[in-house]
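Visitor: I would like to see how the words used for a protein follow from their definitions. Please show me one.
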Amino acid sequence: MKRIFLLNFILFSLFSCSTDNDLVDFYGEPLPIESVIIPQTFQFGEVFQIEVSYFRPTDCHVFNNFIVNSDNENESTVILLNTVYSNPDCETFEANSNLVQATFNYQVNTSNTHVFKFWQGKNDNGSDLYLIVEVPVEQ
């Protein structure tokens, strides 16, 4: 009886799946950071909110997350990642017209000056451009 039930369950599972493709088509895209609001100094052991501004090119671009790579304990590269939904009805905004903000929290775990490299896109040669901000730590 258990074998018949298991066989029926497996067959039902295989044949009850829809073959329609209802999946949403999307991909991730890094967007250049235009400006940053960051404290002038940090206090060791505390958490600080960092706000970045960027231009959203279409209404199909939605903030996803920050990629924060620590090159060492006091240097971090920050990239803003958007999810882009593939939709032919997306509204494209005029260049530099739809400035939006996003924030992340940063825990200060070392007492040395922190260096942030905020990704601002690529130059004509394809090299990465960064807004570099140094923030000293007070104890």
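**Terms and values**

Guide: This is a predicted model, in which local features need pLDDT of at least 70 and side-chain atom pairs count only at pLDDT 80 or more, while totals for chains, interfaces and linings use all residues. Residues are numbered from 1 along each chain as its sequence is written, and side-chain values use heavy atoms, with hydrogens and water left out.

Visitor: What makes strand 2 and strand 4 a pair?
Guide: Two strands pair if DSSP finds at least two bridges between them. Strand 2 and strand 4 (residues 47–55) have 3 bridges, in the antiparallel sense, so they count as a pair. Ser35 stands opposite Ser53 in strand 4. Strands here are DSSP runs of E, at least two residues, and helices are runs of H or I, at least four, numbered from the N terminus.

Visitor: Which strands stand at the edges, and why?
Guide: The open sheet has 3 strands in the order 2-4-7, with antiparallel pairing. Strand 2 (35–37) and strand 7 (99–107) each have a single partner strand, so one side of each lacks a neighbour in the sheet.

Visitor: What is called the largest nonpolar core?
Guide: A nonpolar core is a set of buried (under 20% relative accessible area, 1.4 Å probe, protein chains only) Ala, Val, Leu, Ile, Met, Phe, Trp, Tyr and Cys residues joined through side-chain atoms within 4.5 Å. The largest such set has 22 residues; among those with the most contacts inside it are Phe42 and Ile50. Strand 4 and strand 7 are among the elements that give it two or more residues.

Visitor: How much of the protein counts as buried?
Guide: Of its 139 residues, 29% count as buried.

Key:
Buried means under 20% relative accessible area, exposed over 50%, partly exposed in between (1.4 Å probe, protein chains only).
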